[in-house]
Structure formats: C-alpha cells, structure tokens
Amino acid sequence: MGGSKIKLDKDLLAKVKRYAELAGYSSPEEFITHAVEKELAKLEDADSEDEIRRRLKGLGYIS
Amino acid sequence: MKRQRRPTAWLICGGLWVVVASFGCGSRPPVGKRVIVLGFDGMDYGLTRRLMSEGRLPNFERLSRIGTFQPLGTSIPPQSPVAWSNFITGMDAGGHGIYDFLHRDSLTLTPYLSTSRTEPPGHILKFGRWQLPLSGGKMELLRHGTPFWEVLEQHGIPTTVIRIPANFPPSGSASRELSGMGTPDIVGSSGMFSFFTTAPERITDKVTGGTVYGIELENGVFKGKLKGPPNPLSSTGDTVKADFTVHVDASRPVAKIVLGDQEVILQEGEWSEWLDVKFTLLRFVQTLRGMCRFYVRRVHPEFELYVTPINLDPFHPAMPISTPAEFAGDLARATGRYYTQEMPEETKALRSGVFDDADFMRQASMVVEEEQRLYQYVLGGFEDGFLFYYFGNTDQISHMMWRAMDPSHPAHDPVADEPYRHVIEDLYVEADRIVGETLEQLGDDETLFVMSDHGFAPWTRSFNVNTWLKENGYLALKDPSRQGELEYFQNVDWSRTQAYALGLNSLYINVRGREGVGSVPRGQRQIVLDEIARGLMRYVDPKTGQRAIANVYSRDEVYQDREYLDIGPDLILGFARGVRGSDESALGQLSSEIIFDNTSKWSGDHMADHEVIPGILLSNRPLQRSVTSLKNLAAAVLAEFGIEGFPPRE
C-alpha cells in the first residue's frame, strides 16, 4: 500500500487486527482506511451541495 | 353521545365495507378511557373565531360552550418542527434542540434539515464496482427530550400517534406510530416530482422541488426513467433508475403507461393509482421499492406527464416509518396505499408553474381523501388509551391559497383567484365536520382536544436579512458586483463578516472559535448581538411605513430550557404580520433590495412573531389542567389520565 506510514499504539493495532478480521475486512489497512474515511465524511458532510440543495428546496418553504 | 367499543368494528370507507382492526390495549388490561388529540396544522385562531361567529363551525361552537376554546401560544419561532417539538416534549427549543427548519454546522456553515439525519453504513465490503454494506445505515431523529406518549406508555396507557411532525424516524415508544413531517421520499428529499413535457418552454418560473424534462415523442412513444437514490451497493455511487414507457394515442386524449409489469391507460386529466417502482440495486439479489402516481396533464397538441415524488411504499418501506414496522403496511392494506412523504400537497409544482391552481387543488383533495380514509379507519378501531391524529392540509393549502381570499395581496388575481376565494374557509368547515364525527364516538367522560401548532398570516413582503446585514455593515461581500447571485454564502467575505442569517427566523453571530470562519471575539458577541437587535427593531418598510420586525429574541434570554441552547441561533426574528424572511436569505443569498413584494403563489405563512399568530385549543369538557401554550399542552393531556410531572426532570 502506498502513502505515508502512521504509527499506532501496539494494543490498538492488536485490536484493529482482531476487529478487522471479525468484521470481514481484507486487511487492517482496509479497516483503518474505511474508519478514517467515515469520520472524514462526517466532518465534511457526506451530502454533496446538490443533495443539500435538493433536500432543502424540497421543503416548499424555500424556492 | 354514543359510546362505541367493540373488538372489531365495521366501517364504510369509500363505499366499501372494510374490517377495522382494533387499536387498544393489546395484552395489557384496558385503561377504560380514551383521549383524542386532533392536530390541524396552521389553523388560525382569528379565522376560526370569525367562522365560529358566522355559525359555520357548529361543532367548534359546541366545544366552546361545553369545554374550551382559546388561543394556544405557539413556539419561538412559530415553525412547525419547532412548535410540534414543544408539544411533544413539553420543552422549548433550548430543551429539544429544534430551532428552525434549517440548522447549520457551525464549523462549515453547511445548512441541514434540523429534525433528522442519515448516518452511512458502518462497514462496507468492496469488490470491483460494487460494495456491500455489512451493517445498515441509520436514520437519527435529532429532537431531544421525552415524548409525552412515552410517559403514557410507562403508565400502561396504549398510544397511537399518527403523523405527528418532528417524529421521523418514529420514536419507537408508542404502541403504534406512523411518521409524518420529516419523512423523506425515496431519494431522501422532502419530495421531488418529475415532469416530462414536449413543451418545456411553458415552464418559465424557477423550478425547485422537482425536475422538468424536455422530451420528444417518437411515433407516439416516449421512453423515460424515474430517478432513484445513489446505489448504496455501487462504489461509484451511480443513481438507480426505473424505466417506463408512454404510448400516446395519435388522435384521442389518451396515453398508456408501462412501468415494470404494470400498465395503466389514462385519459387527459386523469391520475393513476399508486404504482410499484422497483429499482434494481444488484440484479437478482437486491431491489429497492417505492411507489408513485402518474398524472397525464395534457395529451395534445403537447404532451405533459407529471409523476409524484417516489414515496416510500408502506408495504415495503426502505426506511423506518412506523411502529411496529408492519403497522404502515397494515394501514395500507385496510385503506389503500397513501402518501408517506412529508407535506405531500404539491406546493412546489404550483409554485413553479408546472401545476395550475386547479391541478393543485385536485391533488391536494386527493391527499385530504387519503388522510380522511386513514383517520376513519384508525378512529373506528380506537378502543382504549390515547390517539393523536394529524391533518396537514390546513397548513399547506393556506400557504398557497391565502392570496385568493386577500384582495390586498400582491399575488392576488381577482379573476383567476375567484374560484378559490373560499377554499381555506372550506377546509375549516371540513375540520369542523371531522370534529363532529369524532365527538359521536366519544363518551361523556372521554376527552377530545382540538389544537393547532400556530396560526396563519399573509406573506406580502419579503425581508432579506442578509442584505440588511450587508447594508448595515455586519456582512461583507468578496465581490459586491455579484450581490444576489450566489447561494450558501459563496460570495461572503467571512474575515469581515460579523453576522449572517440562515433558515427562516435565525440569525447567527460569526463567533471566532465557534464558527469555522469566525471573526467576532467571544467577548464581543453580546455587544454585536444587542446592536443588531436594536437595528432590526428600528427598520421601517419604506412601502408600508410599518416596522418589518415585531420582536427580536436572544436565545440566551428567551428559552427556559437550556440543555441544547448552544446549537441554536444567537437571535430569533419575529417578523411583523405580513412579512417573512425571503427565500434567498434563508439559504445565504443576498438580493438587490432589503425588502420587496412577495408575488409568489406561496402567499400565506407563519414566520411572524409568535404573539401575532397563536394557534387554537378546543376541548369537549373543562380540562383537568389549564393550558397556555404548546409547551404545557402535553401535561394537560397526561392530566386527563391522572398523570402529573411532565416533562420529566432528571
């Protein structure tokens, strides 16, 4: 896998390995990537601007 | 009064005899008492009083003699999600956390709908262009606090709560619930219609809340697609689509529509029944199901086809809409399928010119018929405990038709509006009939409440709060020559902006450390806030010579409940009667003028100061506990069952 390496605490890494396997991820990297992506999506708001516009204007109160 | 309690009742419904299931105690011992609350959204106290004095609301008049008739204090601000949350939780916005239809993420200033949000699936397995969610996504209700029916249930009282706003996804704590305002269509919006036309040039107004497709017929045939949501199983997020075909008769005003394995033949001006819409997510494996109705508006010389927003199918809801999950389907089995999306009256199609007044009133009357069929069924089976039932048409039709009964309204057309001059009054008369029908079902020791969440007022003048902020030096633009062009604050220079408005009554100070682009030091917040409040209160509409803002409230002072105070706007604007915040301002766009005429068909509204537009409260007997506002109405409902102490304090 390309990109930078990130250090993880040994205990945390052990947990990541265990739960990645339990949850059906193909590797700990995939699990971590997904977890980080999910958190980033929350921060950035997963909805695109079009999606927001559609939801807000569908209200009727705003045209 | 008749008392009617049978395990199973029969009811005439649309000319058919249908079996009515019983809604009551289930395995619990019966309470032996029934309390019903009928909620008529937006029913105005002043208009109700006038129609009562004219003798047009005999059942309301009877309630006023034997029980209660009074104004009911609404929420600050008087928007439906806020108002109904006040009723549901017994708290104000500071406690339940719903301040406006729209909130903003303070960090990014992204607006979002205030009552619910969607969480993406937790684990996703990817393979090629497909992905498989290993755990489901989640819909989250953002209203905080304990709903009053939860307390009733804790006391062994079975509750049925139909379509109360700000309860999507359903709380899960009532014996039976069907969600209402806040429930999306299948694409997650408040309802996006589709309009297919060979003459798209007819639609000259801005179209929001729907999509207009210009089409061409080939030998009388058109192949179209209904758009669904992004495919959750596709890693590229492709939108799923469902194909349909229209065959237009060459000479007669008739069209045949083929959707999946369904075929309908519709005359010009005719609506289909609800049809299944199936979106394939993964062939042979996973399908997403919804439903829609087709309306052939015109056939010749131009062809026009309207398709409703694709609603969640109560038999196979793609999102949770009822408690228990099968309740939505049980209702549909008994009464026929029904709109599940929030606020289904097609205000958007009328506002954008896709519908004319006649189309709108016809579609709205179909919604009314569905609501009443459902109500008759639920009422017929209601044996014990508590029932809430919501009627939304009093609100939605008042929004669109206020102009027709108000000759001074800028959108009033004396000729075109004449057939609709009395439609709002007629709705009140119809509400009175429903109340009469309900009274017939109740015994003398049982209680009926009739209430509304707020009143109504004309919307004649639009006030752009963001433009006022700019003109008064509180908001700066990156490019002043583009004032009025860009939404979502895209033209705002945040480094020089002290305040901004978002939503229909909300104003925020651009606080450093709270807003991601904040410029006002926390210590200066109160000073800026006071200055803006004073300035807004002084503003006089140059056309009317009247103040545009009746009251400005600081969240820190006006709310008694404080747990979620920090997410609220710094100032809440109470507009004068006749004034509303402009559409543009609500989404962070400026206009060339601060205040201007509202010529839209959306001509009535309820964003005025809460003191200007109270709702109504009626009851069929003196109440055990007095009520002044929505906030203490639920306590009065509980008192009818001898329960005190609401809202619960931890």
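Predicted model: local features only at pLDDT ≥ 70, side-chain atom pairs only at ≥ 80, totals over all residues.
**Chain A.** The secondary structure of chain A consists of three helices and zero strands. In sequence order the pattern reads α-α-α. Of the 63 residues in chain A, 21% are buried.

**Domains of chain B.** The domain assignment divides chain B as tabulated below.

| Domain of chain B | Residues |
|---|---|
| domain 1 | 30-91 + 144-183 + 343-456 + 613-640 |
| domain 2 | 193-312 |
| domain 3 | 460-605 |

Between domain 1 and domain 3 of chain B, the C-alpha centres are separated by 31 Å. The contact between these two domains involves 17 residues from domain 1 of chain B and 18 residues from domain 3 of chain B. On the domain 1 side, helix H7 (347-351) and helix H9 (393-401) of chain B are the elements that contribute two or more residues. By residue class, that side of domain 1 comprises nine nonpolar, six polar and two charged residues.

**Nonpolar cores.** In soluble globular proteins, nonpolar side chains tend to be buried together. The largest nonpolar core in this model contains 124 residues. Within this core, B:Phe148, B:Val378, B:Ala634 and B:Val637 have the most contacts. Helix H8 (residues 357-380) of chain B supplies the largest share, nine residues. Domain 1 and domain 2 of chain B each provide at least three residues to this core.

Which residues does B:Phe148 contact, leaving aside its neighbours within four places in sequence? The contacts of B:Phe148 are B:Ile88, B:Gly90, B:Ala634, B:Val637, B:Leu638 and B:Phe646. Two of these partners, B:Ala634 and B:Val637, are themselves listed with B:Phe148 among the residues with the most contacts inside the core.

**A three-stranded sheet in chain B.** Strands E19, E20 and E23 of chain B form an open sheet in the order E19-E20-E23, with antiparallel pairing. Strand E19 (275-282) and strand E23 (311-312) of chain B are the edge strands; each has a single partner strand, so one side of each lacks a neighbour in the sheet. Strand E20 (residues 286-292) of chain B is joined to E23(B) by two bridges, and these strands run antiparallel. In one bridge, B:Met291 is partnered by B:Asn311 of E23(B).

Key: Residues numbered from 1 in each chain as written. Chains lettered and ligands numbered in written order. Pairing = 2+ DSSP bridges. Helix = DSSP H or I, 4+ residues; strand = E, 2+ residues; numbered from the N terminus. Domains from an automatic or database assignment. Contact = placed C-beta atoms within 7 Å. Nonpolar A, V, L, I, M, F, W, Y, C, P; charged D, E, K, R; others polar. Buried ≥ 20, exposed ≤ 12 C-beta atoms within 10 Å, placed from the backbone. Core = buried A, V, L, I, M, F, W, Y, C linked by C-beta atoms within 7 Å.
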